[in-house]
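Subject: Structure handover

Hello,

Here is the structure for you to look over. My notes follow below it.

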Amino acid sequence: MAVRTRMSGNEAVAHAIRQIDPDVMPAFPITPSTEIPQYVSTMIANGEIETEFIPVESEHSAMSAAIGAGAAGARTFTATSSAGLALMWEVVYVAASTRLPLVMAVVNRGLTGPLNINAEHSDSMGARDSGWIQIYAENNQEAYDNMIQAYRIAEHADVHLPVMICQDGFITSHAVENISLLDDAPVKKFVGEYQPEHFLLNEKEPVAVGPYAVSNYCMEAKKAQAEAMIRSKKVILDVARDFEEISGRAYGFFEAYRMDDAEYAVAAIGSVCGTAKDAVDRLREKGVKAGLIKVRVFRPFPGEELAEALRGCKAVAIMDRCESYSGEGGPLGAELTAAMYRAKVTAETVNIVYGLSGRDVRVEDMEQVYADLRSMAEEGKRFAQYPYLGLRE
Amino acid sequence: MAAQTEIRWHGRGGQGAKTAALLLADVAFMTGKHVQGFPEYGPERMGAPITAYDRISDTEIRVHSNIYEPDYVVVVDDTLLHSVDVTKGLKPEGAILVNTEKPKEEILPYLKGYRGRVCTIDAREVCMRTMGSYFPNTPMLAAIVKISGVMDTEVFLKEMEASLAHKFAKKPEVLAGNMAALSLALTEVR
(Lines give C-alpha, C1' and ligand atoms only; values in the text may rest on other atoms or scores of the structure.)
Protein backbone atom coordinates (compact mmCIF):
# COMPACT_ATOMS: atom_id res chain seq x y z
CA MET A 1 0.00 0.00 0.00
CA ALA A 2 1.33 3.39 -0.95
CA VAL A 3 2.01 5.90 1.77
CA ARG A 4 0.92 9.47 1.16
CA THR A 5 3.23 11.85 2.92
CA ARG A 6 5.25 15.03 2.36
CA MET A 7 8.97 15.54 2.13
CA SER A 8 11.66 17.41 0.27
CA GLY A 9 13.26 16.13 -2.93
CA ASN A 10 16.43 15.36 -0.99
CA GLU A 11 14.49 13.31 1.55
CA ALA A 12 12.64 11.55 -1.27
CA VAL A 13 15.89 10.38 -2.85
CA ALA A 14 17.25 9.33 0.53
CA HIS A 15 14.05 7.41 1.20
CA ALA A 16 14.45 5.52 -2.07
CA ILE A 17 18.03 4.70 -1.10
CA ARG A 18 16.82 3.37 2.26
CA GLN A 19 14.49 1.05 0.40
CA ILE A 20 17.14 0.00 -2.12
CA ASP A 21 19.84 -0.44 0.56
CA PRO A 22 22.87 -0.30 -1.77
CA ASP A 23 26.13 -1.93 -0.69
CA VAL A 24 28.40 1.11 -0.72
CA MET A 25 27.99 4.88 -0.69
CA PRO A 26 31.12 6.98 -0.97
CA ALA A 27 30.30 10.68 -0.70
CA PHE A 28 31.74 14.03 0.19
CA PRO A 29 29.29 14.89 2.95
CA ILE A 30 29.28 18.71 3.01
CA THR A 31 28.63 21.63 0.64
CA PRO A 32 28.60 21.61 -2.38
CA SER A 33 26.80 18.33 -1.82
CA THR A 34 23.28 18.28 -0.42
CA GLU A 35 21.38 16.78 2.49
CA ILE A 36 21.15 13.46 0.64
CA PRO A 37 24.43 12.02 2.06
CA GLN A 38 23.45 13.41 5.47
CA TYR A 39 20.07 11.66 5.44
CA VAL A 40 21.50 8.39 4.16
CA SER A 41 24.37 8.41 6.65
CA THR A 42 21.83 8.98 9.44
CA MET A 43 19.88 5.93 8.27
CA ILE A 44 23.11 3.93 8.30
CA ALA A 45 23.98 5.19 11.79
CA ASN A 46 20.50 4.20 12.97
CA GLY A 47 20.95 0.71 11.60
CA GLU A 48 18.09 1.07 9.11
CA ILE A 49 20.29 -0.01 6.20
CA GLU A 50 23.53 -1.89 5.84
CA THR A 51 25.17 0.38 3.29
CA GLU A 52 28.88 1.03 3.85
CA PHE A 53 29.31 4.80 3.92
CA ILE A 54 32.74 6.04 2.89
CA PRO A 55 33.27 9.68 3.85
CA VAL A 56 35.91 11.02 1.50
CA GLU A 57 37.99 14.19 1.35
CA SER A 58 36.79 15.36 -2.05
CA GLU A 59 34.31 14.62 -4.79
CA HIS A 60 37.08 13.29 -7.01
CA SER A 61 37.72 10.73 -4.30
CA ALA A 62 34.00 10.04 -3.94
CA MET A 63 33.72 9.02 -7.59
CA SER A 64 37.04 7.17 -7.45
CA ALA A 65 35.85 5.17 -4.45
CA ALA A 66 32.53 4.54 -6.20
CA ILE A 67 34.42 3.16 -9.17
CA GLY A 68 36.46 0.93 -6.88
CA ALA A 69 33.35 -0.32 -5.12
CA GLY A 70 31.50 -0.84 -8.38
CA ALA A 71 34.40 -2.72 -9.92
CA ALA A 72 34.59 -4.92 -6.83
CA GLY A 73 31.00 -5.95 -7.50
CA ALA A 74 29.12 -3.77 -5.03
CA ARG A 75 25.87 -1.97 -5.80
CA THR A 76 27.11 1.58 -5.39
CA PHE A 77 25.48 4.97 -4.88
CA THR A 78 26.79 8.47 -4.53
CA ALA A 79 25.32 11.95 -4.55
CA THR A 80 26.64 15.33 -5.54
CA SER A 81 25.78 18.76 -6.88
CA SER A 82 27.24 21.75 -8.67
CA ALA A 83 30.98 22.21 -8.14
CA GLY A 84 31.11 18.74 -6.58
CA LEU A 85 30.24 17.17 -9.91
CA ALA A 86 32.77 19.44 -11.60
CA LEU A 87 35.48 18.21 -9.26
CA MET A 88 34.62 14.59 -10.15
CA TRP A 89 35.10 15.31 -13.82
CA GLU A 90 38.03 13.09 -14.75
CA VAL A 91 36.65 10.00 -13.08
CA VAL A 92 33.04 10.51 -14.15
CA TYR A 93 34.20 9.42 -17.60
CA VAL A 94 36.12 6.47 -16.13
CA ALA A 95 32.96 5.19 -14.40
CA ALA A 96 31.11 5.11 -17.71
CA SER A 97 33.89 3.70 -19.87
CA THR A 98 34.56 1.01 -17.27
CA ARG A 99 30.88 0.15 -17.75
CA LEU A 100 30.04 0.29 -14.05
CA PRO A 101 26.34 0.46 -13.15
CA LEU A 102 26.75 3.20 -10.53
CA VAL A 103 23.89 5.49 -9.63
CA MET A 104 24.47 9.11 -8.68
CA ALA A 105 21.87 11.56 -7.40
CA VAL A 106 22.61 14.98 -8.85
CA VAL A 107 20.93 18.03 -7.41
CA ASN A 108 21.25 20.45 -10.31
CA ARG A 109 22.89 23.68 -9.31
CA GLY A 110 24.99 26.20 -11.15
CA LEU A 111 28.71 26.41 -11.55
CA THR A 112 30.54 29.52 -10.45
CA GLY A 113 30.71 32.38 -11.32
CA PRO A 114 29.47 34.70 -10.16
CA LEU A 115 29.52 32.60 -7.01
CA ASN A 116 26.06 31.05 -6.85
CA ILE A 117 24.77 27.57 -6.22
CA ASN A 118 21.09 27.98 -7.08
CA ALA A 119 19.14 25.88 -9.55
CA GLU A 120 20.69 25.47 -12.96
CA HIS A 121 21.46 22.52 -15.22
CA SER A 122 25.01 23.51 -16.09
CA ASP A 123 26.54 20.89 -13.78
CA SER A 124 24.98 17.77 -15.30
CA MET A 125 24.66 19.28 -18.78
CA GLY A 126 28.41 19.75 -18.69
CA ALA A 127 28.65 16.00 -18.08
CA ARG A 128 26.25 15.13 -20.90
CA ASP A 129 29.05 13.67 -23.03
CA SER A 130 30.59 11.62 -20.23
CA GLY A 131 28.70 8.44 -21.08
CA TRP A 132 26.24 8.47 -18.18
CA ILE A 133 22.53 7.95 -18.63
CA GLN A 134 20.74 11.10 -17.43
CA ILE A 135 17.19 11.16 -16.10
CA TYR A 136 15.57 14.40 -14.90
CA ALA A 137 12.63 15.07 -12.58
CA GLU A 138 9.90 17.71 -12.39
CA ASN A 139 9.27 17.26 -8.66
CA ASN A 140 10.09 15.20 -5.57
CA GLN A 141 7.76 12.39 -6.70
CA GLU A 142 9.63 11.93 -9.95
CA ALA A 143 13.03 12.13 -8.26
CA TYR A 144 11.91 9.28 -6.00
CA ASP A 145 10.39 7.23 -8.83
CA ASN A 146 13.43 7.72 -11.06
CA MET A 147 15.77 6.64 -8.29
CA ILE A 148 13.88 3.39 -7.84
CA GLN A 149 14.12 2.67 -11.57
CA ALA A 150 17.82 3.61 -11.84
CA TYR A 151 19.55 0.38 -10.81
CA ARG A 152 17.33 -1.77 -13.03
CA ILE A 153 18.48 0.31 -16.00
CA ALA A 154 22.15 0.60 -15.01
CA GLU A 155 22.64 -3.08 -14.15
CA HIS A 156 20.75 -4.50 -17.14
CA ALA A 157 22.93 -6.89 -19.16
CA ASP A 158 22.28 -4.84 -22.31
CA VAL A 159 23.35 -1.60 -20.65
CA HIS A 160 26.04 -1.68 -17.93
CA LEU A 161 26.24 2.07 -17.71
CA PRO A 162 26.08 4.50 -14.81
CA VAL A 163 22.96 6.62 -14.28
CA MET A 164 22.51 10.17 -13.00
CA ILE A 165 19.19 10.91 -11.31
CA CYS A 166 18.79 14.66 -11.55
CA GLN A 167 16.47 17.17 -9.91
CA ASP A 168 16.43 20.95 -9.64
CA GLY A 169 18.47 22.40 -6.80
CA PHE A 170 16.43 24.02 -4.01
CA ILE A 171 13.29 24.27 -6.18
CA THR A 172 12.53 20.59 -5.64
CA SER A 173 15.50 19.39 -3.58
CA HIS A 174 14.76 21.65 -0.62
CA ALA A 175 11.00 22.14 -1.01
CA VAL A 176 8.57 20.10 1.06
CA GLU A 177 5.75 18.77 -1.12
CA ASN A 178 3.24 15.94 -1.12
CA ILE A 179 4.53 12.59 -2.31
CA SER A 180 3.30 9.03 -2.59
CA LEU A 181 5.83 6.45 -1.41
CA LEU A 182 5.82 2.76 -2.19
CA ASP A 183 6.17 0.17 0.52
CA ASP A 184 9.61 -1.31 1.10
CA ALA A 185 8.81 -4.84 -0.05
CA PRO A 186 7.59 -4.05 -3.58
CA VAL A 187 10.52 -1.66 -4.08
CA LYS A 188 13.03 -4.31 -2.99
CA LYS A 189 11.36 -6.86 -5.23
CA PHE A 190 11.33 -4.42 -8.14
CA VAL A 191 14.99 -3.46 -7.77
CA GLY A 192 16.11 -7.02 -7.07
CA GLU A 193 19.45 -8.38 -5.93
CA TYR A 194 22.51 -7.25 -7.84
CA GLN A 195 24.42 -10.08 -9.46
CA PRO A 196 27.45 -8.61 -11.22
CA GLU A 197 28.75 -10.62 -14.17
CA HIS A 198 32.44 -9.76 -13.92
CA PHE A 199 33.89 -8.25 -10.78
CA LEU A 200 37.20 -7.89 -9.00
CA LEU A 201 36.26 -9.84 -5.88
CA ASN A 202 35.36 -12.93 -7.90
CA GLU A 203 38.32 -15.18 -7.13
CA LYS A 204 37.23 -17.70 -9.75
CA GLU A 205 37.57 -15.21 -12.58
CA PRO A 206 40.54 -12.85 -12.32
CA VAL A 207 39.87 -9.73 -14.39
CA ALA A 208 41.66 -6.48 -15.10
CA VAL A 209 39.64 -3.31 -14.72
CA GLY A 210 40.53 -0.05 -16.43
CA PRO A 211 43.61 -1.20 -18.36
CA TYR A 212 45.41 0.84 -20.99
CA ALA A 213 44.03 0.33 -24.49
CA VAL A 214 46.11 1.06 -27.54
CA SER A 215 44.55 2.82 -30.52
CA ASN A 216 43.97 -0.54 -32.06
CA TYR A 217 41.31 -1.37 -29.45
CA CYS A 218 40.20 1.88 -27.86
CA MET A 219 37.84 2.98 -30.61
CA GLU A 220 36.01 -0.35 -30.54
CA ALA A 221 35.55 -0.02 -26.79
CA LYS A 222 34.06 3.43 -27.24
CA LYS A 223 31.76 2.17 -29.97
CA ALA A 224 30.61 -0.63 -27.68
CA GLN A 225 29.88 1.96 -25.00
CA ALA A 226 27.88 4.05 -27.47
CA GLU A 227 25.93 0.97 -28.55
CA ALA A 228 25.07 0.26 -24.92
CA MET A 229 23.72 3.79 -24.61
CA ILE A 230 21.49 3.19 -27.63
CA ARG A 231 20.34 -0.19 -26.24
CA SER A 232 19.47 1.48 -22.94
CA LYS A 233 16.51 3.17 -24.66
CA LYS A 234 14.54 -0.06 -24.77
CA VAL A 235 15.57 -0.93 -21.21
CA ILE A 236 14.49 2.48 -19.90
CA LEU A 237 11.02 1.96 -21.39
CA ASP A 238 10.78 -1.66 -20.19
CA VAL A 239 11.74 -0.67 -16.66
CA ALA A 240 9.23 2.20 -16.76
CA ARG A 241 6.49 -0.22 -17.79
CA ASP A 242 7.32 -2.53 -14.87
CA PHE A 243 7.42 0.45 -12.56
CA GLU A 244 3.96 1.52 -13.67
CA GLU A 245 2.68 -1.88 -12.61
CA ILE A 246 3.80 -1.39 -9.01
CA SER A 247 3.16 2.35 -8.76
CA GLY A 248 0.44 3.27 -11.23
CA ARG A 249 2.68 6.07 -12.47
CA ALA A 250 3.67 6.03 -16.14
CA TYR A 251 7.04 7.21 -17.42
CA GLY A 252 8.72 7.40 -20.81
CA PHE A 253 11.52 9.36 -22.43
CA PHE A 254 9.37 12.44 -22.00
CA GLU A 255 5.90 13.49 -20.94
CA ALA A 256 3.65 14.97 -23.61
CA TYR A 257 1.23 17.29 -21.82
CA ARG A 258 -1.85 18.33 -23.83
CA MET A 259 0.13 17.78 -27.03
CA ASP A 260 -2.50 15.91 -29.09
CA ASP A 261 -3.62 18.92 -31.08
CA ALA A 262 -1.02 21.40 -29.85
CA GLU A 263 0.03 24.18 -32.19
CA TYR A 264 2.41 25.88 -29.77
CA ALA A 265 4.73 23.74 -27.73
CA VAL A 266 7.42 24.22 -25.14
CA ALA A 267 10.12 21.59 -24.64
CA ALA A 268 11.91 21.85 -21.31
CA ILE A 269 13.53 19.87 -18.50
CA GLY A 270 12.82 19.82 -14.78
CA SER A 271 10.73 21.80 -12.33
CA VAL A 272 9.81 24.57 -14.79
CA CYS A 273 7.54 22.03 -16.48
CA GLY A 274 5.09 22.13 -13.56
CA THR A 275 4.88 25.90 -13.94
CA ALA A 276 4.49 25.48 -17.71
CA LYS A 277 1.60 23.03 -17.18
CA ASP A 278 -0.32 25.70 -15.26
CA ALA A 279 0.33 28.12 -18.13
CA VAL A 280 -0.85 25.52 -20.67
CA ASP A 281 -4.09 25.01 -18.72
CA ARG A 282 -4.74 28.75 -18.51
CA LEU A 283 -4.15 29.14 -22.26
CA ARG A 284 -6.27 26.11 -23.15
CA GLU A 285 -9.16 27.73 -21.26
CA LYS A 286 -8.76 30.68 -23.62
CA GLY A 287 -8.77 28.37 -26.64
CA VAL A 288 -5.04 28.54 -27.33
CA LYS A 289 -3.73 25.16 -28.43
CA ALA A 290 -0.72 25.06 -26.12
CA GLY A 291 1.22 21.96 -25.14
CA LEU A 292 4.34 20.89 -23.28
CA ILE A 293 7.04 18.32 -23.82
CA LYS A 294 8.83 17.56 -20.56
CA VAL A 295 12.09 15.83 -21.37
CA ARG A 296 12.82 13.18 -18.75
CA VAL A 297 15.64 11.24 -20.40
CA PHE A 298 18.36 13.44 -21.86
CA ARG A 299 20.97 10.67 -22.23
CA PRO A 300 20.35 8.70 -24.34
CA PHE A 301 18.80 11.55 -26.29
CA PRO A 302 15.41 10.46 -27.69
CA GLY A 303 15.71 12.73 -30.70
CA GLU A 304 13.49 10.84 -33.11
CA GLU A 305 10.71 10.39 -30.58
CA LEU A 306 10.85 14.03 -29.50
CA ALA A 307 10.78 15.29 -33.07
CA GLU A 308 7.80 13.07 -33.82
CA ALA A 309 5.95 14.42 -30.78
CA LEU A 310 6.46 17.95 -32.11
CA ARG A 311 5.35 17.18 -35.65
CA GLY A 312 2.39 19.34 -36.57
CA CYS A 313 3.23 22.17 -34.18
CA LYS A 314 3.42 25.66 -35.67
CA ALA A 315 6.10 26.93 -33.30
CA VAL A 316 8.23 25.37 -30.59
CA ALA A 317 10.18 27.00 -27.76
CA ILE A 318 13.07 24.85 -26.58
CA MET A 319 14.15 25.93 -23.13
CA ASP A 320 17.57 25.48 -21.56
CA ARG A 321 18.40 26.13 -17.91
CA CYS A 322 22.01 26.25 -18.98
CA GLU A 323 24.24 28.48 -21.09
CA SER A 324 26.56 26.68 -23.50
CA TYR A 325 28.47 29.80 -24.55
CA SER A 326 28.30 28.52 -28.10
CA GLY A 327 26.64 31.74 -29.16
CA GLU A 328 23.73 29.69 -30.49
CA GLY A 329 21.83 28.52 -27.42
CA GLY A 330 21.83 25.64 -24.96
CA PRO A 331 22.27 21.87 -25.23
CA LEU A 332 18.59 20.90 -25.46
CA GLY A 333 18.09 23.58 -28.10
CA ALA A 334 20.99 22.34 -30.21
CA GLU A 335 20.13 18.66 -30.00
CA LEU A 336 16.38 18.94 -30.39
CA THR A 337 16.63 21.37 -33.29
CA ALA A 338 19.02 18.96 -35.03
CA ALA A 339 16.64 16.05 -34.38
CA MET A 340 13.73 18.04 -35.81
CA TYR A 341 15.75 18.85 -38.91
CA ARG A 342 16.62 15.22 -39.50
CA ALA A 343 12.97 14.22 -39.05
CA LYS A 344 11.90 17.08 -41.34
CA VAL A 345 9.72 18.56 -38.62
CA THR A 346 9.49 22.12 -39.80
CA ALA A 347 7.95 24.09 -36.93
CA GLU A 348 9.46 27.49 -36.20
CA THR A 349 11.81 27.15 -33.24
CA VAL A 350 13.30 29.45 -30.68
CA ASN A 351 15.82 28.36 -28.06
CA ILE A 352 15.26 30.21 -24.78
CA VAL A 353 17.75 30.32 -21.94
CA TYR A 354 15.96 30.68 -18.60
CA GLY A 355 16.34 30.27 -14.87
CA LEU A 356 20.11 30.62 -14.64
CA SER A 357 21.43 30.73 -11.07
CA GLY A 358 17.93 30.10 -9.76
CA ARG A 359 16.24 33.02 -11.57
CA ASP A 360 12.57 32.47 -10.87
CA VAL A 361 10.11 31.56 -13.63
CA ARG A 362 6.44 32.41 -13.05
CA VAL A 363 3.37 31.06 -14.78
CA GLU A 364 3.07 34.50 -16.42
CA ASP A 365 6.59 34.13 -17.85
CA MET A 366 5.56 30.87 -19.47
CA GLU A 367 2.38 32.45 -20.81
CA GLN A 368 4.57 35.08 -22.45
CA VAL A 369 6.65 32.33 -24.08
CA TYR A 370 3.49 30.89 -25.63
CA ALA A 371 2.39 34.38 -26.71
CA ASP A 372 5.75 34.82 -28.44
CA LEU A 373 5.31 31.47 -30.18
CA ARG A 374 1.97 32.66 -31.55
CA SER A 375 3.46 35.87 -32.86
CA MET A 376 6.27 33.87 -34.46
CA ALA A 377 3.83 31.61 -36.25
CA GLU A 378 1.10 34.11 -37.08
CA GLU A 379 2.91 37.39 -37.53
CA GLY A 380 6.26 36.11 -38.66
CA LYS A 381 7.92 37.71 -35.65
CA ARG A 382 11.55 36.70 -35.22
CA PHE A 383 13.62 36.69 -32.07
CA ALA A 384 17.28 37.14 -31.41
CA GLN A 385 19.41 34.05 -31.87
CA TYR A 386 18.46 32.79 -28.44
CA PRO A 387 16.65 35.07 -26.00
CA TYR A 388 17.01 35.01 -22.23
CA LEU A 389 13.73 34.71 -20.31
CA GLY A 390 13.18 37.26 -17.53
CA LEU A 391 16.45 39.07 -18.13
CA ARG A 392 16.72 42.45 -16.40
CA GLU A 393 17.70 45.23 -18.74
CA MET B 1 -11.13 29.70 2.64
CA ALA B 2 -9.93 29.92 -0.96
CA ALA B 3 -8.86 26.75 -2.76
CA GLN B 4 -5.25 27.85 -2.40
CA THR B 5 -3.59 29.94 0.28
CA GLU B 6 -0.19 31.47 -0.34
CA ILE B 7 2.00 32.74 2.49
CA ARG B 8 5.30 34.61 2.37
CA TRP B 9 7.66 34.68 5.34
CA HIS B 10 10.24 37.39 6.01
CA GLY B 11 12.83 36.68 8.65
CA ARG B 12 16.50 36.93 9.41
CA GLY B 13 18.93 34.04 9.06
CA GLY B 14 18.92 32.05 12.28
CA GLN B 15 15.40 32.97 13.45
CA GLY B 16 13.82 29.86 12.00
CA ALA B 17 11.52 31.44 9.39
CA LYS B 18 12.48 28.72 6.92
CA THR B 19 11.84 26.04 9.53
CA ALA B 20 8.49 27.63 10.38
CA ALA B 21 7.48 27.65 6.70
CA LEU B 22 8.41 23.98 6.37
CA LEU B 23 6.59 23.15 9.64
CA LEU B 24 3.47 24.92 8.42
CA ALA B 25 3.54 22.87 5.21
CA ASP B 26 4.05 19.79 7.32
CA VAL B 27 1.15 20.41 9.66
CA ALA B 28 -1.17 21.54 6.84
CA PHE B 29 -0.43 18.27 5.07
CA MET B 30 -1.76 16.46 8.12
CA THR B 31 -5.16 18.04 7.48
CA GLY B 32 -5.29 16.51 4.01
CA LYS B 33 -4.02 19.47 2.01
CA HIS B 34 -1.60 19.64 -0.85
CA VAL B 35 1.36 21.66 0.35
CA GLN B 36 4.55 23.29 -0.81
CA GLY B 37 6.98 24.84 1.66
CA PHE B 38 10.26 26.22 0.42
CA PRO B 39 12.90 28.82 1.21
CA GLU B 40 14.44 31.30 -1.17
CA TYR B 41 18.15 30.79 -0.74
CA GLY B 42 20.57 33.65 -0.69
CA PRO B 43 23.86 34.14 1.07
CA GLU B 44 23.57 31.99 4.17
CA ARG B 45 24.58 34.02 7.15
CA MET B 46 23.11 34.83 10.52
CA GLY B 47 20.99 37.95 10.51
CA ALA B 48 20.65 38.36 6.73
CA PRO B 49 17.09 38.87 5.46
CA ILE B 50 15.61 35.61 4.20
CA THR B 51 12.33 34.75 2.51
CA ALA B 52 10.37 31.51 2.65
CA TYR B 53 7.05 30.47 1.17
CA ASP B 54 4.05 28.20 1.69
CA ARG B 55 1.36 27.09 -0.70
CA ILE B 56 -1.54 25.23 0.87
CA SER B 57 -4.12 23.95 -1.56
CA ASP B 58 -7.08 21.62 -1.98
CA THR B 59 -5.68 20.47 -5.31
CA GLU B 60 -2.31 19.33 -6.65
CA ILE B 61 0.34 22.07 -6.74
CA ARG B 62 2.44 22.03 -9.89
CA VAL B 63 3.80 25.55 -10.07
CA HIS B 64 7.41 25.92 -8.95
CA SER B 65 7.88 29.65 -8.64
CA ASN B 66 8.15 32.05 -5.77
CA ILE B 67 5.02 33.78 -4.49
CA TYR B 68 4.47 37.35 -5.70
CA GLU B 69 0.89 37.98 -4.62
CA PRO B 70 0.58 36.27 -1.24
CA ASP B 71 -2.61 36.03 0.73
CA TYR B 72 -0.64 36.46 3.95
CA VAL B 73 2.75 37.81 4.95
CA VAL B 74 4.59 36.95 8.16
CA VAL B 75 7.33 39.27 9.39
CA VAL B 76 9.39 37.45 12.01
CA ASP B 77 11.59 40.47 12.83
CA ASP B 78 10.21 44.03 12.86
CA THR B 79 13.62 45.53 12.05
CA LEU B 80 13.02 44.18 8.54
CA LEU B 81 10.23 46.73 8.10
CA HIS B 82 12.87 49.42 7.46
CA SER B 83 14.62 47.57 4.65
CA VAL B 84 12.21 45.07 3.07
CA ASP B 85 9.05 45.89 1.11
CA VAL B 86 7.01 43.41 3.15
CA THR B 87 3.58 44.30 1.77
CA LYS B 88 4.68 44.00 -1.87
CA GLY B 89 1.97 42.20 -3.81
CA LEU B 90 0.06 41.33 -0.62
CA LYS B 91 -3.63 40.89 -1.33
CA PRO B 92 -5.87 43.42 0.47
CA GLU B 93 -8.31 40.70 1.45
CA GLY B 94 -5.46 38.93 3.25
CA ALA B 95 -3.41 40.06 6.23
CA ILE B 96 0.09 40.87 7.44
CA LEU B 97 1.35 39.50 10.74
CA VAL B 98 4.27 41.26 12.39
CA ASN B 99 6.31 40.17 15.38
CA THR B 100 6.77 43.37 17.36
CA GLU B 101 6.47 44.73 20.86
CA LYS B 102 5.33 48.05 19.44
CA PRO B 103 1.70 49.11 19.19
CA LYS B 104 0.15 48.60 15.78
CA GLU B 105 0.08 52.35 15.05
CA GLU B 106 3.87 52.50 15.11
CA ILE B 107 4.35 49.91 12.41
CA LEU B 108 1.60 51.14 10.08
CA PRO B 109 3.85 53.79 8.48
CA TYR B 110 6.10 50.99 7.18
CA LEU B 111 3.30 49.12 5.47
CA LYS B 112 2.95 51.49 2.50
CA GLY B 113 -0.74 52.08 2.97
CA TYR B 114 -1.62 48.38 3.01
CA ARG B 115 -5.41 48.24 3.13
CA GLY B 116 -5.83 44.71 4.53
CA ARG B 117 -5.77 43.42 8.07
CA VAL B 118 -2.69 44.20 10.16
CA CYS B 119 -1.97 41.83 13.03
CA THR B 120 0.79 41.88 15.59
CA ILE B 121 2.18 39.63 18.26
CA ASP B 122 5.01 40.10 20.73
CA ALA B 123 6.70 36.79 20.09
CA ARG B 124 9.56 37.57 22.45
CA GLU B 125 7.14 38.04 25.31
CA VAL B 126 5.36 34.77 24.42
CA CYS B 127 8.67 32.92 24.22
CA MET B 128 10.00 34.29 27.50
CA ARG B 129 6.83 33.44 29.37
CA THR B 130 6.66 29.89 28.05
CA MET B 131 10.09 28.67 26.98
CA GLY B 132 12.49 31.04 28.68
CA SER B 133 14.40 31.56 25.46
CA TYR B 134 13.69 33.36 22.21
CA PHE B 135 12.63 31.17 19.24
CA PRO B 136 10.21 33.49 17.42
CA ASN B 137 9.25 30.96 14.76
CA THR B 138 7.20 28.91 17.25
CA PRO B 139 4.68 31.61 18.22
CA MET B 140 4.67 33.04 14.68
CA LEU B 141 3.64 29.66 13.32
CA ALA B 142 0.66 29.46 15.66
CA ALA B 143 -0.28 33.09 15.02
CA ILE B 144 -0.38 32.70 11.24
CA VAL B 145 -2.46 29.56 11.52
CA LYS B 146 -4.96 31.56 13.58
CA ILE B 147 -4.94 34.60 11.27
CA SER B 148 -5.11 32.67 8.00
CA GLY B 149 -7.53 30.00 9.12
CA VAL B 150 -5.70 27.44 6.99
CA MET B 151 -6.69 24.89 9.58
CA ASP B 152 -8.62 24.51 12.80
CA THR B 153 -6.48 25.67 15.73
CA GLU B 154 -7.36 22.62 17.85
CA VAL B 155 -6.27 20.30 15.05
CA PHE B 156 -3.15 22.42 14.65
CA LEU B 157 -2.19 22.02 18.30
CA LYS B 158 -2.84 18.30 18.23
CA GLU B 159 -0.75 17.77 15.11
CA MET B 160 2.04 20.02 16.41
CA GLU B 161 2.23 18.07 19.63
CA ALA B 162 2.78 14.84 17.69
CA SER B 163 5.25 16.49 15.36
CA LEU B 164 7.28 18.17 18.12
CA ALA B 165 7.26 15.02 20.26
CA HIS B 166 8.92 13.28 17.30
CA LYS B 167 11.30 16.16 16.58
CA PHE B 168 12.36 16.52 20.21
CA ALA B 169 12.43 12.80 20.98
CA LYS B 170 15.84 13.27 22.56
CA LYS B 171 14.89 16.51 24.34
CA PRO B 172 11.39 15.79 25.70
CA GLU B 173 11.79 18.53 28.32
CA VAL B 174 11.32 21.25 25.68
CA LEU B 175 8.01 19.89 24.40
CA ALA B 176 5.82 21.46 27.09
CA GLY B 177 7.37 24.90 26.60
CA ASN B 178 6.91 24.78 22.85
CA MET B 179 3.29 23.70 23.19
CA ALA B 180 2.65 26.44 25.74
CA ALA B 181 4.18 28.98 23.35
CA LEU B 182 1.91 27.81 20.53
CA SER B 183 -1.19 27.97 22.74
CA LEU B 184 -0.34 31.38 24.18
CA ALA B 185 0.38 32.76 20.70
CA LEU B 186 -3.09 31.77 19.57
CA THR B 187 -4.56 34.11 22.18
CA GLU B 188 -1.90 36.84 22.13
CA VAL B 189 -2.06 37.62 18.41
CA ARG B 190 -4.15 40.68 17.71
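Chain B and chain A bury about 1,800 Å² between them. Buried area here is the accessible area (1.4 Å probe) that two parts lose on being put together, summed over both. Carbon and sulfur atoms give 49% of it. On the chain B side, B:Tyr41, B:Arg62 and B:His64 lose the most area to chain A, together 41% of what that side buries.

Some ground rules. This is a predicted model, in which local features need pLDDT of at least 70 and side-chain atom pairs count only at pLDDT 80 or more, while totals for chains, interfaces and linings use all residues. Residues are numbered from 1 along each chain as its sequence is written, chains are lettered from A and ligands numbered from 1 in the order in which they are written, and side-chain values use heavy atoms, with hydrogens and water left out.

Back to the interface. Chain B puts 20 residues into the contact and chain A puts in 25; contact means heavy atoms within 4.5 Å. The rule finds 3 salt bridges across it. A salt bridge is a side-chain nitrogen of Lys or Arg within 4 Å of a carboxyl oxygen of Asp or Glu. B:Arg62 forms a salt bridge with A:Asp278, with the closest N and O atoms 3.0 Å apart.

Which elements give two or more residues to the side of chain B that touches chain A? They are α1 (17–29) and β2 (34–40) of chain B. Helices (H or I, at least four residues) and strands (E, at least two) are DSSP runs, numbered from the N terminus. β2(B) gives the most, with 6 residues. That side of chain B divides into 11 nonpolar, 6 polar and 3 charged residues. Ala, Val, Leu, Ile, Met, Phe, Trp, Tyr, Cys and Pro count as nonpolar, Asp, Glu, Lys and Arg as charged, and the others, Gly among them, as polar.

Next, B:Asn137. This residue lies in helix α4 (residues 137–148) of chain B. B:Asn137 counts as buried because its relative accessibility is 13%; buried means under 20% relative accessible area, exposed over 50%, partly exposed in between (1.4 Å probe, protein chains only). Its side chain makes a polar contact with that of B:Thr138, at 3.4 Å. Leaving out residues up to four places away in sequence, B:Asn137 touches B:Gln15, B:Gly16, B:Thr19 and B:Ala20.

On cysteines, a search of the whole structure finds 0 disulfides over all chains, a disulfide being a pair of cysteine sulfur atoms within 2.5 Å. For A:Cys273, the nearest cysteine sulfur is that of A:Cys166, 14 Å away. A:Cys273 is buried, at 0% relative accessibility.

Last, the backbone of chain A. Most residues other than glycine have a negative phi, and most peptide bonds are trans. The bond from A:Thr112 to A:Gly113 is cis, with omega near 20 degrees. The bond from A:Gly113 to A:Pro114 is cis, with omega near 0 degrees. A:Gly113 sits in the loop between β5 (103–108) and α5 (122–126). A:Tyr325 has a positive phi, near 55 degrees. Its place is the loop between β13 (315–320) and α11 (331–342). A:Tyr325 counts as exposed, at 69% relative accessibility.

Best wishes

How values were computed
A polar contact is a pair of N or O atoms within 3.5 Å; within protein, one must be able to donate a hydrogen and the other to accept it, and residues adjacent in sequence count only if both atoms are side-chain atoms.
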